[in-house]
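Please find below my notes on the model, as numbered points.

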Amino acid sequence: MKSAFHIAVLDDEIDITQLLAGYLQSHGFRVTQLHDGPSLMALMDSDPADLVLLDLGLPGEDGFSIARRMRENWRCGLVIVTGRGDAVDKVVGLEVGADDYVTKPFDLRELVARVKAVLRRLAPDDAPVAVPASSRPAGLASADRLRFAGWQLDLAARSLTNPQGQNVALTGGEFDLLCAFARHPGRVLSRDFLLEQTRGREASPFDRTIDVQVGRLRKKIEADPDEPQIVKSVRGAGYILVPPVTQG
C-alpha cells in the first residue's frame, strides 16, 4: 500500500482518536484527528482525506447526516466505526454511502485491513491520491472493458461510463458489485456469492449489505430503479444481469 494516504479519524472520544491515530501512523498513514462535523468539512476543503473513519454518535450533527454530506461533496473512502451494532443502523450506514461498517469494540489489525481494502477498491478518479497500479487486482489489463446495454465498465481504470459517454461515480463496493454482475451475465448470483466477490474474507452473514448496494447501484444505472431492466431480482435466489455483455 502507498504510505502517504491521508486518513481522517472523526470521533468525539479523544482516547479513541488517539488510539486509532497512533496505530494508523505506525502503518505509514498520515492521520488527522477530529471531534465534530464542522472540523471534518473544513479539513476536506483545505487538506482532503483519502479515507474517513466516521463515528455516528457525535455532538451536534448526526453521523449519518455527515456521511450524506460527504458523499454529496467529496469522493473518498468512508468507513463508519461505531458502537451501534443494530442491523437497521448498518443498513442506513450503507445506504448513505459508507464503503464499510465496523462496530466497536474492534480489532485494530482488522480495522487497518479494512481501511487498506477500501483504499484498494477506490478508483483513481475517486480519490485525492491515486492507488498505484501494483495495488490493483492482478490480471486486469488497461484495455479490459466490458459493455452492456450501452454502458462501458473499464476494469483497469475502475470507471463506469453511461450510454451518453458521461462518467458515473461509483463507490468501491458498488464498482466491485457491478464487476461481479458483468463477469457473470445471464447467471443468477446468490447473495453469498456476491458477498464473497465484493468483500472476500471480510464477508459476513449480514446479507442485507448486498440488497442495499444493489438498490444504490440501480439508482445509478437503471432508467427506472423501481422497474429494473438491467439488474433484476430472482425471488429466493439472488440477482441477475440481464443484458448481454461484450468485451473491448
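1. Arg158 is buried, at 8% relative accessible area, because the cut-off for that label is under 20%. This is a predicted model, and the remarks that follow should be read with that in mind. Arg158 also has a positive phi, near 55°, although the residue is not glycine. Its place in the chain is the loop that leads from E7 to strand E8 (159–161).

2. Ala149 is another non-glycine residue with positive phi, here near 50°. The residue sits in the loop between strand E6 (145–148) and strand E7 (151–154). Is Ala149 buried or partly exposed? Its relative accessibility is 46%, so the label is partly exposed, the class that runs between 20% and 50%.

3. The two strands on either side of Ala149 are joined to each other: E6 and E7 run antiparallel and share four bridges.

4. E6 and E7 belong to an open sheet of five strands, with the order E9-E8-E7-E6-E12 and antiparallel pairing. Strand E9 (167–168) and strand E12 (246–247) are the edges, and each of them pairs on one side only. The loop holding Arg158 therefore connects two strands that stand next to each other in the order E9-E8-E7-E6-E12.

5. The peptide bond between Lys104 and Pro105 deserves a look: the bond is cis, with omega near -5°. Where does Pro105 lie? The residue is in the loop between strand E5 (100–103) and helix H5 (108–121).

6. Helix H2 (residues 37–46) has a buried set made up of Gly37, Leu40, Met41, Leu43 and Met44. These residues cover an arc of only 160° around the axis, so they are on the same side of H2. The face turned away from that side carries Pro38, Asp45 and Ser46, which are exposed.

7. What covers the buried residues of H2? The cover includes strand E1 (6–10), strand E2 (30–34) and strand E3 (51–54). Helix H3 (63–73) is also among the elements that cover them.

8. Arg191 is in helix H7 (residues 191–199). With a relative accessible area of 26%, Arg191 counts as partly exposed, because the value is not under the 20% limit for buried. In sequence Arg191 and Gly238 are 47 residues apart, while their C-alpha atoms are 5.7 Å apart in space.

9. On ring contacts, Arg187 lies over the face of Phe193, at 5.1 Å from the ring centre. What is the count of aromatic pairs in the whole structure? A search finds zero.

10. The disulfide count is likewise zero, the rule being a pair of cysteine sulfur atoms within 2.5 Å. As for individual cysteines, Cys76 is buried, at 3% relative accessibility. Cys179 is buried too, with a relative accessibility of 5%.

Definitions and conventions
Residues are numbered from 1 along each chain as its sequence is written. This is a predicted model: local features need pLDDT of at least 70, side-chain atom pairs count only at pLDDT 80 or more; totals for chains, interfaces and linings use all residues. Side-chain values use heavy atoms; hydrogens and water are left out. Buried means under 20% relative accessible area, exposed over 50%, partly exposed in between (1.4 Å probe, protein chains only). The arc is that of the directions from the helix axis to the C-beta atoms. Contact means heavy atoms within 4.5 Å. Rings of Phe, Tyr and Trp (its six-membered ring) pair if their centres lie within 6.5 Å; planes under 30 degrees apart count as stacked, over 60 as edge-to-face and the rest as tilted. A charge sits over a ring if NZ of Lys or CZ of Arg is within 6 Å of the ring centre and within 35 degrees of the ring normal.
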